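Please open the model in a viewer and keep the selection panel at hand.

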Amino acid sequence: MCGGCAVAWGWSERARLRGLGLAAVVRGAALLLVLVAVGSTLRHGPQQPGIALAFAALICTGELTHRTGSDTAGHAHAPLSTAGALAYALLGHCAGIPTTHGVLQVVAVSAGALAVGSAPQLLHARTRTPIHPRNRTPLRHRLHTSGPRLDQPVRRVLTVAFAAACFQPLYNSGVVENRVGQGPGLALLLLVLLALTGLCEAVLAAALTKARTGHPYGPLLRDEVRALRGVGAAVCASGVVIALAVAVAGLWALPVICVPLLLTQLSFRRYAEVRATYRQTIASLARSTEIAGYTLPGHARRVAALAEAVGRELGLSGEQLTLLEYAALMHDIGQLSLVDPVPAGATASLPVADQRRIALLGGAVVRQTGVPTEVADVVERQADPYREQPLTARIVRTVNAYVDLSGECGGGPGGPLGALERLRSGTGHDYQSEVVESLARVLARGVALPPPG
Amino acid sequence: MRALPAGARACVLCVVLVAGLCVLTGLDRRTPWDAVVLLAVLYAACELLTRCRLLAHMGPAGAFFPVPLAAVFLLPPSAAALVAVPGALLGRVGRRPEGVRRLWRAAELAVAVWAGSWMFTVLDGRSPAPGAPSGLGQASALPYVLLPAGAAVLAFCGVLALLDGAILVTAERIGVRTAWRGLFLRALAPHCVHGLAGLMTAVLWRSPYGPPAALFVLLPMYLSCWVFAQYQREHEAHQTTIRALVQAVDLKDRYTRGHSERVGRAAAMMAAELGMDEERREVLRIAGILHDVGKIGVPTRVLRKDGPLTPEERRVIELHPEYGHEMVRGIGFLGEARAAILHHHERVDGRGYPYGLAGDRIPEFARVVAVADAFDAMTSTRSYRRARPVAAAVAELQKCAGAQFDGRMVAALVAALEKEGWNPVVTADEWGAGITGAGAGVGSADGGAETESAGAGAEVGGGDAAPRGVRASLLVGQRGNVPPWVGRRGWRP
């Protein structure tokens, strides 16, 4: 197999540079903000150091108890530390006494606690996975992969700064006290404020992800906003609760409220872990056709990666993308029922009747694997004419045919262009032309495909 | 109601009567009805969300206790008990008879809430005169409230455990000791967490920010229960997928799965005997299930061949541990199980394959799986011979201990068999019944390449007469851990 497709280089150079430029500006702004905040706090001395320390400890604890496991969309779940930082930003009273910390102190405290809390994790990650020099990825690719890890703290700092900047000046000037008073209205105001903060964060996060990956903005934003409904809502509500509870009952409220929240965080973590394991198992199941010699090594993962990119291009998001990924991983599993392998596993060049038989067998297998039934439907109907298929099945069919026809790594007869040409000539019946065209766009932009094996 | 034993009926009736007394005797003009109604509606809404079919996937798996516990801290005993009733009556019930279960749950919860609230009042956690300005919302109150609150949660949890145990004893006729064992301790941690959330709700409820602020405490708790339910769902799906890996082999070689499940079961039994903790036991069980997964890489024609194998074919079959290892290497949590898959055909005298490791250099899990594998191969019926009795298989294993098998593992198996016995039929399952008719995987029940190792008959092939259509006991067993009368409640540690 050629190594050329191991990492197909980024999308068009100009878009890539623009993306990196945006990311650099955002990161630079966050760094500058933190430096100014720390400098100013040190120069004037921290206000109410007891409260600052308690919240710093809370953020640290939250950070220490969460592992850097992030789910498929790259949301890292550290609800407790985020909620703690937001609560500090929204703290107006402590046990009935007005607080005096300003926006800059909020940023300094939360950034410092974040750094301390995540330090052991970074050290651990570095010592545990020594990278063999031969396997070291090129710098350009490393920028790709280190992105999410760097984006997390940047997003956190900017979000907290935003919330503090919205609340602290308003509250300290007494406007809130006069208009809303100390009552249920204040609780609602805080919630609205945090909802606004969450939206801003979603916009920022989607922009950063787009800059890093080049995926279209709309679906990314939809994903982020959707995540806001679940984890985001919990984090916002926790932030408000911590701020109000401390305002009423003083710092004693912190441990009382944090134990339940810690458990919320742990359950999120366990959920993320089992999801990750589940994905790995599905990938292993997909590899069974490769081990059995029915398909070429890495075929299923290549189809899945391309299908996911095409799905994003066509505006799919969230759960649908997961279904698409699973279906693409398992689309060839019906071949296991064949006594003799198809040459090179290329089902696209088989007679239609055989293709459909394999698809039906595959669907029957997938039905019993515990994945959602939609996945089995997609696998089952992958060989049907496109007008009878759901969109996900159309994508799987088109992408699989492209990978088969282009000779896996683009080295087959006619190569990628020839394969696209053949797909286009089949758009009357087999392939949907919109899917083929978005595949062409994805290919033109370049997509990182897993290497063979 | 007819299906219930008389003792259980009496038990339910008693608790319902007690609950009725608890609620009715304490209600009077001083009861803060607005708070009662608000909390009752809130609790009912939380429980109803889990019932609504459209939203079922959004709800937590069990009862949502922070609301009744907030009532414990906020209201006098009778009013607090009343809060719990509508929600418990409306909540989701998994099994029949639904009516009795609902009634029981409501009565049980009402009594427990009453006990908790009574304890809180007695210890002066709340100002004794209801309606008077409460100490809960005061700035300095929190550390002093913690002790009465803890006692209240203990009382709540104790009464629930007591009543759960009572109904287990009367309805399921479980021994008193088994029924109560661990019931209280298991429930304590989740109830304490819910108790803290309830306390925070109560504090904010009494504060100037009022009930809306208190609601915000419940949102993260609700989400946490929801995520926990999702986790359970995903976990079950994952278990199924693990078996699907074996099923993929089953398409090529039909006997594999019944055998795999049984080896997994034997390995788990041995693990318990060897004193492994639960996590390692689970991994070892999965190692047993997956040990032959590499047969997927062996050509179907070789696997299904009738008659003796050529040396060349034998070599191909002996590659299956390496194929299996290659296949599961991406699954992170398997850890030691991967080594077991790679080395389960090693022999302690160093004459096994693929690497010819000897003695302690063979990973522990692999030594366990090797014994379990050989044991099941001997005790199950193959196309070419009948099953041997368990005693004969054990004798054979003991004869080979030290040469082919690790003596310690053989001893563990023997001890486990003495304790639990061996009932191979129950682990056969219904999987693949739909597939075998569809594919080319039909008609080879008699087939099976056989490379029996010297002496003990550790198998690599053969047709197995495991009856299909019997439900996988392992799958059922996982759910069956929950006592039927105890509703699945949010957090189980």
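The stops below pass from a whole chain to single elements and then to the contact between chains.

**Chain A as a whole**

The model is predicted, and this should be kept in mind at every stop. Of the 453 residues in chain A, 52% are buried. Contacts in this chain between residues at least 6 apart in sequence can be sorted by separation, and 76% of them join residues at least 24 apart.

**The two domains of chain A**

Where the two domains touch, nine residues of domain 1 of chain A are in contact with eight residues of domain 2 of chain A. The side belonging to domain 1 has two nonpolar, four polar and three charged residues.

**Ile59(A)**

Next, select helix α2 of chain A, residues 49-64, and pick out Ile59(A) within it. Is Ile59(A) buried or exposed? Ile59(A) has 29 C-beta neighbours inside 10 Å and therefore counts as buried, the threshold being 20 or more. Beyond its neighbours within four places in sequence, Ile59(A) is in contact with Ser81(A), Gly84(A), Ala85(A), Ser110(A), Ala113(A), Leu114(A) and Gly117(A). For a distance to display, draw a line from the C-alpha atom of Ile59(A) to that of Phe167(A): these residues are 108 apart along the chain, and the two atoms are separated by 20 Å.

**A helix pair in chain A**

Select α14 of chain A (residues 391-405) and α16 of chain A (residues 415-425), which pack at an angle of about 140 degrees with their axes 8 Å apart. The two helices, α14(A) and α16(A), are therefore oblique to each other, and their crossing is right-handed. Show the side chains at the contact: Thr398(A), Ala401(A), Tyr402(A) and Leu405(A) from α14(A) meet Ala419(A), Leu420(A), Arg422(A) and Leu423(A) from α16(A). By class, this contact has six nonpolar residues, one polar and one charged.

**A helix pair in chain B**

Move to chain B and select α11 (residues 278-290) with α16 (residues 364-379); their axes lie 10 Å apart and the packing angle is about 50 degrees. That angle makes α11(B) oblique to α16(B), and the crossing of this pair is right-handed. On the α11(B) side, Leu284(B), Ala287(B) and Gly288(B) meet Phe365(B), Val368(B), Val369(B) and Ala372(B) of α16(B). The contact has six nonpolar residues, one polar and no charged residues.

**A buried helix in chain B**

Select α3 of chain B, residues 66-74: nine of its nine residues are buried. Among them are Pro66(B), Pro68(B) and Phe73(B).

**The contact between the chains**

Finally, display both chains and select the residues of each that touch the other: 61 from chain B and 60 from chain A. On chain B, the helices that each supply at least two residues are α6 (142-171), α8 (183-206), α9 (210-252), α12 (300-303), α14 (320-328) and α19 (433-436). Which helix gives the most to this side of chain B? Select α9(B), which gives the most, with 27 residues. Coloured by class, the side of chain B that touches chain A has 39 nonpolar, 18 polar and four charged residues.

Methods:
Residues are numbered from 1 along each chain as its sequence is written. Chains are lettered from A and ligands numbered from 1 in the order in which they are written. This is a predicted model: local features need pLDDT of at least 70, side-chain atom pairs count only at pLDDT 80 or more; totals for chains, interfaces and linings use all residues. Axes are lines fitted to C-alpha atoms, for helices over the stretch in contact, and angles run from 0 to 180 degrees between N-to-C directions. Helices (H or I, at least four residues) and strands (E, at least two) are DSSP runs, numbered from the N terminus. Angles under 35 degrees count as roughly parallel, over 145 as roughly antiparallel, 65 to 115 as roughly perpendicular and the rest as oblique. A crossing is left-handed if the near helix is turned anticlockwise from the far one by less than a right angle, and right-handed if clockwise. Two residues are in contact if their C-beta atoms, placed from the backbone, lie within 7 Å. Ala, Val, Leu, Ile, Met, Phe, Trp, Tyr, Cys and Pro count as nonpolar, Asp, Glu, Lys and Arg as charged, and the others, Gly among them, as polar. A residue is buried if 20 or more other C-beta atoms lie within 10 Å of its own, exposed if 12 or fewer, and partly exposed in between; C-beta atoms are placed from the backbone.
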